[in-house]
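I opened the model to see how one chain is put together and how its partner meets it. My notes follow.

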Amino acid sequence: MDAAWVALGLSLKVASWATALATVLGVAVGYALSRWRFPGRELVDSVLLLPMVMPPTVLGYYLLVLLGRKGWLGHWLEQTLGIRLVFTWQGAVIAAAVVAFPFVSKSARAAFENVDVQYEQAARVLGVSEAAIFFRVSLPLAFRGILAGMLLAFARALGEFGATLMLAGSIPGRTQTLSIAVFEAVQAGQDEVANLLVAITSVTCVAVLLLAGRLAPPRAIAR
Amino acid sequence: MSRFLARAAVALAGLCIFGPSQAGELTVSAAASLTNAFKGVGAAYEAQNPATKVLFNFAASGALLQQIAKGAPVDVFASADQETMDQAQRQQLVKGDARRNFVGNTLVVVVPADTAAAPRSLQDLLAPQVARIAIGVPASVPVGRYTKAVLEKAQLWGPVEPKMVGASSVRQALDYVARGEVDAGFVYATDAAIMPGKVKVAFSVPTETPLLYPIAPIAASPNAAEAARFVSFVMSPPAQAILAKHGFARP
């Protein structure tokens, strides 16, 4: 049954990297959308939300067409940097990051909008650089909201199946995450394996939720 | 009164959604490699039996078996290998006495159409320029089982397995090759013929036993007569002609 533990390790690795990637991009985009008024801002916000509402297989197909060997980005990546993303765990990370991104960007935007601009203006008056204002004033104040978004993103990335299957395939040890492993086990009629994988996944999700409750206790937000 | 009406409306809607399946519908679960050919056979059957609508469900034979085993309302099962049908028979899901072999097929190795130096034999698959090979997952996909058997017999399964990218059906293996994401793939000759511009056959793989596809009506099917009629139709000359046109061999 060590195939199950390999799948668990891979799922956690892919979900962690995907959450990190989605967080960096999501916080940047959320901050930009909250502070910067420009025509078409709400349109951009809606377009960036698409991965949350689009069927994962459609998303996976778009990513495959874009990042595959014959896609314009994938072809360039292979020619110039020698990077192939299809059938690799890095491809799985990208698929999971794309679906998890809207959770972080939406939460980040809401969190930054709740940060009183007076704090930022006070810091500006005191001569603090813009970068320092972001890292030492805005981000800490918005942290709880962003953290909530990150946890949702992690849960989404952990459960990601459709886009991952399309882009990364199902290669045991390399791209076969827990969700894909469950699917394969059911297809092959291996019910005991499927039951074990489902049990592991459920325990992991409960553990993540408990950790989330510890890190971002609800009562702290209502201040 | 309005609460009662609301509840009645919900109940009625529920009945409409979950009502009994309509008479005159035949559900056929068939192996993925039969997709194009069976659509033609279904159309011909409907032309002969205007009161019946044939609904197809195409996937890897192993996946179809799991659906039937868990109670999916299927009337006929056409599998790509004897092993899956044997499992169905062992679980008493099909009527063994009505089981027939209806076509044969051959195993081939395909490569992307723009490949310069295609492998010419199983040994060539060990070369470093063949980095990834699309093979159906042996646990649920017949073409994967055939491939594994052939490679094990040639004592090449060990070195080839690390290069394997598992496909959930033979059509997915074909798609991987067509996209150029793998350097070679094991599919049926009938599948290779579907995408002549994107894949080309590198070489044919001889198998110990001929690849024969069995078909059988489902034991628990409420449309027993219709199912039996469909199986007989598949064995008849008009259907066999359609199957032959798509490249399938006589059983």
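I started with sequence separation in chain A of this predicted model. Among contacts between residues at least 6 apart in sequence, 76% join residues at least 24 apart.

Next I listed the secondary structure. Chain A has 11 helices and zero strands. Read from the N terminus, the order is α-α-α-α-α-α-α-α-α-α-α.

I then checked extent and burial. The C-alpha trace of chain A spans about 65 × 45 × 25 Å along its principal axes. Of the 223 residues in chain A, 39% are buried.

Helix α1 (residues 2-35) of chain A packs with helix α7 (residues 130-159) of chain A. Their axes lie 9 Å apart, at an angle of about 140°. Angles over 145 degrees would count as roughly antiparallel, so α1(A) and α7(A) are oblique to each other. I noted the crossing of α1(A) and α7(A) as right-handed.

I looked up who meets whom. The α1(A) side includes Ser11(A), Val14(A), Ala18(A), Gly26(A) and Tyr31(A). Among the residues they face in α7(A) are Phe134(A), Ile146(A), Gly149(A), Met150(A) and Phe154(A). By class, the residues of this contact are 13 nonpolar, five polar and no charged.

Last, I turned to the chain pair. I found 15 residues of chain B in contact with 13 residues of chain A. On the chain B side, α3 (61-69) and β7 (164-167) each supply at least two residues. The largest share, four residues, comes from α3(B). I logged the classes on that side of chain B as six nonpolar, six polar and three charged.

How values were computed
Residues numbered from 1 in each chain as written. Chains lettered and ligands numbered in written order. Predicted model: local features only at pLDDT ≥ 70, side-chain atom pairs only at ≥ 80, totals over all residues. Contact = placed C-beta atoms within 7 Å. Nonpolar A, V, L, I, M, F, W, Y, C, P; charged D, E, K, R; others polar. Axes fitted to C-alpha atoms, helices over the stretch in contact; angles between N-to-C directions. Parallel < 35°, antiparallel > 145°, perpendicular 65-115°, else oblique. Left-handed = near helix turned anticlockwise from the far one by under 90°. Buried ≥ 20, exposed ≤ 12 C-beta atoms within 10 Å, placed from the backbone.
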